[in-house]
Amino acid sequence: MEVAELFDTGTGIDLAGEPNGHRVDAYGQDGHNPLAVALRGSALVREACAIVDFLLEDFEVSERAHTALFEFGVLVLAVNREDAVLRTHVHHADLDALATAGGGAFGSASGPMSSVFRDVVAALRAEPGWALGSDAVLGRLKSAAAGYAQARRLEEFAAGALTPSLAAAARGVWKEALIEVACVVCNDDSRGTNDTVADAVGRLLGSVVGLASELAPFLGGEGDSRAVELVTQRFAVPARVVKLTSPQIARALRATLELEVRDLLDALHHLDPLGGRSALVRRLVLAMLTSDGSARAVVAATTAEPPDRDDIMRRMRAIALADGEVTTDERNLLRRFDNQLHTFDDLIHRIEEDRLIDFDEFQQLREMRQTILDELFQVALADSHITDDERQLLLRAMELVPTLRSAAPTATSVG
């Protein structure tokens, strides 16, 4: 399966082709923004143009709005890749302006990055979609700007102060902001009908793209131990306690990614199929995964067929018996997992009484899957130590929990 098929975009994206020459040539040409001047002519600018053209392929938008989305897209890619030009041109006055959102709603700027935010907001205010999407756009833009400023200051304060999970979260909100800008540009009305769903989809988008980029190096035999923190912080467990090897890190990341990908695909079904947000999110996910080379990681994490409950427990027991005995710790984990699966089945039966899954029920299922993993870690840590046997069972549980789904169709949320 190709990632384009997984996200149902209808077509792939060619980042090696030639994007809109006029827009690329005009970028930074007036010399007003030193950051744009520094990036002018780079592959990053051409790639951002191709991604935005791909996003807007089926929408009629104004030239000013298209350009504003493109220029913000350049900034999103630069932040995502930690491009060196940002450190060269974004100084303290600019960071101060980002931290305060240019006085509250990006009405002013004090440097090249805050200027991009100011110009994007000014362009969006002229769009029909601003009336519905302004709060969401400003909220995400403020989070992206403040997060970047905070990350830079943490780095200056002390080496290592910016943990991998904080850095990933700071980058993730930029993708959410890009989607919100795109939805205003395309006059999408989902904020008027599916506000809660739109928020959840945005968070899942950032999580999927972020996790995929962390997993991709492991699939190629690379990767480093910083990814441990991305896994262990999910369970509030210190990395020194879990003690994962590189192959185990890859397994844990793949399982976590599968959980988020499957939840994102499920959540997208709760959006209005005729609205623009679903198409824009699907296309942006595909574009970002293609851009950073992590598309294969997503496909690899979602190809397995979901087993049934009995099969899940057989697999878990086989792991516990692999060394010839079942320890007390393993028995406790197996008993808790079996009880959890019974509880999950009961939840499924209650939810499926009307043969449809609404968004509230989707959230209940998502929370239950996460609760299962949380409780298993609590059982394993009851003696403040995770044994090798427990570690193997926890990893297998992480790989099996994402497959716990309902077969009932989705009820699109409205209101």
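**Figure 1. Arginine 355 in the loop between α19 and α20 of the predicted model.** Arginine 355 sits in the loop that joins these two helices. Its phi is positive, about 65°, although arginine 355 is not a glycine. Is arginine 355 buried or exposed? With a relative accessible area of 67%, arginine 355 counts as exposed, because the cut-off for that class is over 50%.

**Figure 2. Phenylalanine 106 in the loop between α7 and α8.** Phenylalanine 106 is not a glycine, yet its phi is positive, at about 60°. The residue belongs to the loop between α7 and α8. Its relative accessibility is 3%, so phenylalanine 106 counts as buried.

**Figure 3. The contact of helix α7 with helix α8.** Helix α7 covers residues 92-99 and helix α8 covers residues 112-124. Two packed helices are described by the angle between their axes and the distance between the axes. Here the axes come within 7 Å and cross at roughly 35°. From α7, the contact takes in Asp94, Ala97 and Leu98. From α8, Pro112, Met113, Ser114 and Phe117 take part. Sorted by class, this contact has 5 nonpolar, 1 polar and 1 charged residues.

**Figure 4. The contact of helix α15 with helix α20.** Helix α15 runs over residues 246-268, and helix α20 over residues 359-380. How do the two helices lie relative to each other, roughly parallel or roughly antiparallel? Their axes come within 11 Å and cross at roughly 175°. Angles over 145 degrees count as roughly antiparallel, and α15 and α20 are therefore roughly antiparallel to each other. On the α15 side the contact is made by Leu259, Glu260, Asp263, Asp266 and Ala267. On the α20 side it is made by Phe362, Arg366, Arg369 and Gln370. By class, the contact of α15 with α20 has 3 nonpolar, 1 polar and 5 charged residues.

**Figure 5. Glutamate 258 in helix α15.** Glutamate 258 has a relative accessibility of 7%, so it counts as buried. Which residues does glutamate 258 touch, leaving aside its neighbours within four places in sequence? Glutamate 258 is in contact with Ala301, Thr302, Glu399, Pro402 and Thr403. One of these, Glu399, is also among the buried residues of α21. Glycine 10 is 248 residues away from glutamate 258 in sequence, and their C-alpha atoms are 22 Å apart.

**Figure 6. Helix α21, residues 388-400.** Helix α21 has 13 residues, which should span 18 Å at 1.5 Å a residue. The C-alpha atoms at its ends are 19 Å apart, which agrees. The helix is mostly covered, with 10 of its 13 residues buried. The buried residues include Leu393, Leu394, Leu395, Ala397, Met398 and Leu400. Glu390, Arg391, Arg396 and Glu399 are also buried.

**Figure 7. Helix α4 and what covers it.** Helix α4 is made of 13 residues, numbered 43-55. From its first C-alpha to its last it reaches 18 Å, close to the 18 Å expected at 1.5 Å a residue. How many residues of α4 are buried? The number is 10 of the 13, so the helix is largely enclosed by the rest of the structure. Among the buried residues are Leu44, Val45, Ala48, Cys49, Ile51, Val52, Phe54 and Leu55. Glu47 is buried as well. The cover over these residues includes α2 (21-26), α3 (34-39), α5 (63-80) and α16 (276-291).

**Figure 8. Glutamate 57 in the loop between α4 and α5.** At 49% relative accessibility, glutamate 57 counts as partly exposed. Apart from neighbours within four places in sequence, glutamate 57 is in contact with Thr11 and Arg283. Arginine 314 lies 257 residues from glutamate 57 in sequence, and 48 Å from it in space, C-alpha to C-alpha.

**Figure 9. Glutamine 340 in helix α19.** Helix α19 covers residues 328-351. Glutamine 340 is buried, because its relative accessible area is 4% and buried means under 20%. Not counting residues up to four places away in sequence, glutamine 340 touches Met368, Thr371, Ile372, Glu375 and Leu376.

Terms used. Residues numbered from 1 in each chain as written. Predicted model: local features only at pLDDT ≥ 70, side-chain atom pairs only at ≥ 80, totals over all residues. Heavy atoms only, no water. Helix = DSSP H or I, 4+ residues; strand = E, 2+ residues; numbered from the N terminus. Buried < 20%, exposed > 50% of the residue type's maximum accessible area, 1.4 Å probe, protein only. Contact = heavy atoms within 4.5 Å. Expected span 1.5 Å × (residues − 1). Axes fitted to C-alpha atoms, helices over the stretch in contact; angles between N-to-C directions. Parallel < 35°, antiparallel > 145°, perpendicular 65-115°, else oblique. Nonpolar A, V, L, I, M, F, W, Y, C, P; charged D, E, K, R; others polar.
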